[in-house]
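Keep the 3D view open as you read.

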Amino acid sequence: MAAEMVAGGAKIMGFSVLNLHSLNPSSKSFLQCHFRNQRSKLPLSPIWFSFGKKGRGMMHLRKRVRASVMALTEEPLIECGAEEQGVALKVVALVTVRKKHMERMKEMTLHWLDAFNSPTKGGVVLQLVSTQLDPKTLEPKLSNEAVLDWSKTLETTADRITYKVEFMVVNFGVPGAITVNNKYQEEFFLESITFEGLVHFACNSWVQPEKVNTKKRIFFVNKAYLPCQTPEGLKELREKELMELRGDGTGLRIPSDRIYDYDTYNDLGDPDKGVEYARPTLGGRQNPHPRRCRTGRPPTKNGYTLSSLRDDEFGRQAVAGINPLTIQRLEVFPPISKLDPSIYGPQESAIKEEHIIHHLDGMSVQQALNENKLFILDYHDIYLPFLNRINALDDRKAYGTRTLFFLTTVGTLKPIAIELSLPPTDPNCPLKQVLTPSVDATTSWLWQLGKAHVCSNDAGVHQLIHHWLRTHACIEPFIIAAHRQLSGMHPIFKLLKPHMRYTLKINALARESLINAGGNIESFFTPGKYCMEISCAAYRDWWRFDLEGLPADLIRRGVAVPDTTKVHGLRLLIEDYPYANDGLLIWSSIESLVQTYVNYYYSDAEMIESDTELQAWYNESRSVGHADLCHASWWPTLSTPNDLTSILTTIIWTVSGQHAAVNFGQYPYGGFIPARPPLMRQLVPKEHDPVYVDFIEDPQAYFLSSLPSLLQATKFMAVIEIISAHSPDEEYLGERKDLSTWSGDTEIIEAFYRFSVEIRRIEKEIEKRNADTSRRNRCGAGISPYKLLIPSSGPGVTSKGIPNSITV
């Protein structure tokens with residue numbers, strides 16, 4: 001797993017740095033307002049900047065007959081006279097960049113070569129800000145935007161390179177600040193900017209790519225001012241800087257931020273290594289201590305780039321990410337839709353053999369199908385009926401997507417084709433686009449955009465179907481009925497009691513602020529106001545209680561086949577499938593406990609059928625709680641102890657292991673928005689589209705403008721951090737605080753004890769698997785170990801822990 005992004009601010013020598021990272025990129029910032037009128041042509045004239053004994057820091061324009069290059073000198077300064085207003089002069093600055101290491105510099109150089117061919121669209125743009133206000137606009141005076149020409153190297157040492165930059169100014173006054181806008185993909189260390197040794201900006205800071213925070217970096221000149229002495233042109237910048245440095249106490253911290261906040265010393269220990277490494281929190285009534293700087297809890301990068309998921313990580317998360325519940329075996333090629341062709345066009349996918357044949361390791365398509373090598377994430381039928389309405393919303397654009405994967409010889413999934421479908425305006429002319437892994441720069445960016453749309457579809461299905469519908473919503477009727485129909489002394493109520501804890505309350509809160517109209521779910525996910533309609537459609541057309549058990553679900557999706565020779569009676573077709581591998585351990589342990597418990601109280605079918613409370617509970621759960629589906633033929637019968645064991649095992653698995661697998665990784669896996677956007681705001685451009693020119697000119701800008709806005713992303717991260725966290729009073733699988741209930745039933749107490757021991761054994765087994773280098777989907781360089789089904793956890797965002805019930 002890639003190292004976590006950490007917050008903090010660099011210690012700057014003798015100056016302040018204004019960071020505008022947290023401002024909304026869609027609004028015009030203070031500086032942006034100043035830039036809008038700075039594009040007119042400036043008349044050129046050979047005039048020098050000079051400082052000196054007159055004027056005490058005021059600027060002076062003085063004509064030089066023989067000079068054609070302007071610079072700052074130490075000669076006397078006097079203000080420009082009225083007769084010289086409007087005359088432009090050239091100012092030369094020396095920019096010193098410190099090398100990080102040679103390989104990174106070589107990589108940056110390849111990007112910088114673009115600037116040679118088109119210097120007006122250069123990768124690093126600088127602009128001077130005056131200490132004076134423009135008397136007409138009452139805004140700081142600005143120079144033109146100057147491009148750093150990487151070919152103009154003046155000096156090179158072992159660890160530094162100095163470049164020359166030229167500015168044009170008119171009646172400028174004294175420079176007070178300078179903006180630096182890095183449009184390349186790589187960061188660089190800016191050591192200083194000097195105007196002929198006189199005006200000096202000691203930067204000593206990394207300049208992040210513009211695409212990281214979409215803001216220009218601002219450095220102030222090396223001069224101290226009391227607040228009351230701040231030049232008029234810098235006052236607002238100074239105030240904004242302090243606001244940015246303070247932050248608001250919330251949000252994500254990333255390396256490009258410089259936000260200082262307070263926190264206790266709660267990170268000194270490392271209890272994962274053992275109890276001897278545990279340390280108390282310093283700060284508070286029990287252990288008074290000065291507070292430390294808060295760095296926040298950034299999401300793990302999971303090998304992400306600035307643009308999107310790597311292909312290998314894209315495939316890995318289908319079996320070991322936050323949504324490992326959609327991947328299924330491809331049984332027919334090309335894939336076939338079940339939607340009405342008279343409305344949605346031909347049912348057959350546009351993915352053809354020529355799109356994928358070169359990615360099958362020499363196999364034919366039919367051979368790959370026969371050997372169970374092809375798998376699919378199919379979001380075509382789920383989204384397509386809603387797309388016209390979704391795409392009519394503001395800032396929402398989506399497709400019905402299909403993504404094909406090839407199972408490699410090392411057990412990983414390789415994405416080989418993405419289909420993007422829109423509802424046809426003419427049933428005979430379907431709007432389908434097929435993307436394949438890149439062969440050049442343009443197709444690389446199209447492929448990244450395609451993956452982002454797949455991830456957006458995946459995020460919606462995960463949240464609306466696998467998380468909300470299958471765990472929270474569909475279990476609630478069983479809990480209501482249990483409280484209505486089962487006495488508190490009923491053994492099944494006692495068994496279920498810890499597995500019903502807090503669920504009704506958390507669902508009520510969800511209805512108030514998450515799934516309500518205009519709530520967080522509608523705000524954050526692509527379907528917008530149609531989110532719950534998609535959930536309802538999945539419930540109507542797809543959800544089946546009899547297939548909610550883990551083994552049945554794996555068989556339904558074709559990723560496992562029955563095999564009595566295997567430990568769990570199943571053979572996984574993707575052998576290294578972390579969710580399935582670990583989940584089957586949890587499922588089997590629950591099933592064993594429930595079977596022992598049920599058989600203790602029910603020795604035969606007659607006892608089951610004659611238990612009026614038990615039958616009333618199950619009947620009401622179906623007929624009232626699931627009234628819209630109560631007549632479906634697939635509902636299991638409740639006639640035998642085995643029936644009851646299966647029903648109870650499914651319920652307990654759903655509220656414990658299943659919910660943990662889809663909930664507690666949301667922030668670690670989904671908190672880095674470019675890798676897993678919950679919504680998209682632009683479609684993938686085609687050559688005839690008007691936006692295609694913009695895409696070709698700046699594909700990364702197009703990519704980022706397709707993602708959620710900064711405000712949407714910030715709110716989304718705040719919400720998923722909360723729902724990914726364990727509370728301090730969490731009760732985990734294998735823990736029972738009510739064993740005294742069975743004080744006279746030694747066999748039941750022993751069964752719970754064996755279950756607890758088995759859960760601890762499973763935990764050690766999962767940790768062992770995560771250290772097994774042959775398991776490529778959970779172990780390797782930059783690979784996250786799969787911890788979501790590790791039963792125990794501490795409080796907070798830990799990416800592991802299986803509570804007994806749905807508590808968040």
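Let's start with H17 and H25, whose axes come within 10 Å and cross at roughly 175°. An angle over 145 degrees counts as roughly antiparallel, so H17 and H25 are roughly antiparallel to each other. As for what meets in the contact of H17 with H25, its residues split into 14 nonpolar, three polar and seven charged. Bear in mind that this is a predicted model.

Now zoom in on the aromatic rings. The whole structure holds 22 aromatic pairs. Take Tyr 597 and Tyr 601: the ring centres are 5.1 Å apart and the planes sit at 50°, so this pair is tilted. Both tyrosines belong to helix H17, which covers residues 578–601. Four residues separate Tyr 597 from Tyr 601, about one turn of the helix.

Which of these two tyrosines is buried, and which is partly exposed? Tyr 597 has a relative accessible area of 1%, and buried means under 20%, so Tyr 597 is buried. Tyr 601, at 23% relative accessibility, counts as partly exposed.

Tyr 597 also has a partner on the other helix. With Phe 752 it forms another tilted pair, 6.3 Å centre to centre and with 55° between the planes. Phe 752 sits in helix H25 (residues 746–770), 155 residues away from Tyr 597, so the pair links distant parts of the chain. Both Tyr 597 and Phe 752 are buried.

Elsewhere, ring pairs join up into a cluster made of Phe 478, Tyr 539, Trp 543, Phe 545, Trp 617, Tyr 618, Trp 634 and Trp 635.

Rings also turn up with arginines placed over them. Here are two such cases:

| Arginine | Ring | Distance from ring centre |
|---|---|---|
| Arg 389 | Tyr 530 | 5.0 Å |
| Arg 556 | Trp 542 | 4.2 Å |

In the case of Arg 389, the charged end of the side chain is what sits over the ring of Tyr 530. Arg 556, for its part, lies over the face of Trp 542.

Gln 127 is found in strand S6, which runs over residues 124–133. Is Gln 127 buried or exposed? Its relative accessibility is 1%, so Gln 127 counts as buried. What lies 2.7 Å from a polar atom of the Gln 127 side chain? That is the backbone oxygen of Ser 143.

Notes:
Residues are numbered from 1 along each chain as its sequence is written. This is a predicted model: local features need pLDDT of at least 70, side-chain atom pairs count only at pLDDT 80 or more; totals for chains, interfaces and linings use all residues. Side-chain values use heavy atoms; hydrogens and water are left out. Rings of Phe, Tyr and Trp (its six-membered ring) pair if their centres lie within 6.5 Å; planes under 30 degrees apart count as stacked, over 60 as edge-to-face and the rest as tilted. Helices (H or I, at least four residues) and strands (E, at least two) are DSSP runs, numbered from the N terminus. Buried means under 20% relative accessible area, exposed over 50%, partly exposed in between (1.4 Å probe, protein chains only). A charge sits over a ring if NZ of Lys or CZ of Arg is within 6 Å of the ring centre and within 35 degrees of the ring normal. A polar contact is a pair of N or O atoms within 3.5 Å; within protein, one must be able to donate a hydrogen and the other to accept it, and residues adjacent in sequence count only if both atoms are side-chain atoms. Axes are lines fitted to C-alpha atoms, for helices over the stretch in contact, and angles run from 0 to 180 degrees between N-to-C directions. Angles under 35 degrees count as roughly parallel, over 145 as roughly antiparallel, 65 to 115 as roughly perpendicular and the rest as oblique. Ala, Val, Leu, Ile, Met, Phe, Trp, Tyr, Cys and Pro count as nonpolar, Asp, Glu, Lys and Arg as charged, and the others, Gly among them, as polar.
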